[in-house]
Amino acid sequence: MIKNNFKRMSGRLNLDHRATDKLMLGMNFSLARTENNRLSNDNAFSTPMQIVALPPITPVIDPRTNQLSGNYTLY
């Protein structure tokens, strides 16, 4: 979606050292950073990309109130 922004950086370092024939030392180091800048209402089910997350049997009209279901918003 336009104006959504996702950045990910990661790195990994592996060090192995054989101290003797019977002793081996090792170290693993990893670092990760993620940055997710999203639209303020992107997590709502009213955006086109999120509508696919709704169950297919979700009614458009709430049968209890005869109003639009809370999952949909008219613009």
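This is a predicted model: local features need pLDDT of at least 70, side-chain atom pairs count only at pLDDT 80 or more; totals for chains, interfaces and linings use all residues.
Residues are numbered from 1 along each chain as its sequence is written, and side-chain values use heavy atoms, with hydrogens and water left out.

**Pairing.** I looked up how the two strands run, and found that strand 1 (residues 5-18) and strand 2 pair in the antiparallel sense over 14 bridges, where pairing requires that DSSP finds at least two bridges between the strands. I wrote down two of the partners in strand 2: Thr34 is the bridge partner of Arg8, and Asn36 is the bridge partner of Phe6.

**Exposure.** Is strand 2 largely covered or in the open? Of its 14 residues (24-37), the number buried is 0, so strand 2 lies largely in the open. Buried means under 20% relative accessible area, exposed over 50%, and partly exposed in between, with a 1.4 Å probe and protein chains only.

**Gly26.** I then turned to Gly26, which has its place in strand 2 and is exposed, with a relative accessible area of 61%. Leaving aside residues up to four places away in sequence, Gly26 touches Leu15 and Asp16, contact being heavy atoms within 4.5 Å. Gly26 and Leu15 are 11 residues apart along the chain, and their C-alpha atoms are separated by 5.5 Å.

**Surface patch.** Which residues form the nonpolar patch on the surface? I listed Leu13, Leu15, Met27, Phe29 and Leu31, which together have about 500 Å² of accessible area. Strand 1 and strand 2 are the elements that give two or more residues to the nonpolar patch, and strand 2 gives the most, with 3 residues. Patch members have over 30% relative accessible area and no salt bridge, and nonpolar side chains (Val, Leu, Ile, Met, Phe, Trp, Tyr) are joined within 5 Å; a salt bridge is a side-chain nitrogen of Lys or Arg within 4 Å of a carboxyl oxygen of Asp or Glu. Accessible areas come from the Shrake-Rupley method with a 1.4 Å probe.

Technical notes:
Helices (H or I, at least four residues) and strands (E, at least two) are DSSP runs, numbered from the N terminus. Patches are made of residues with over 30% relative accessible area and no salt bridge: like charges are joined within 9 Å, nonpolar side chains (Val, Leu, Ile, Met, Phe, Trp, Tyr) within 5 Å.
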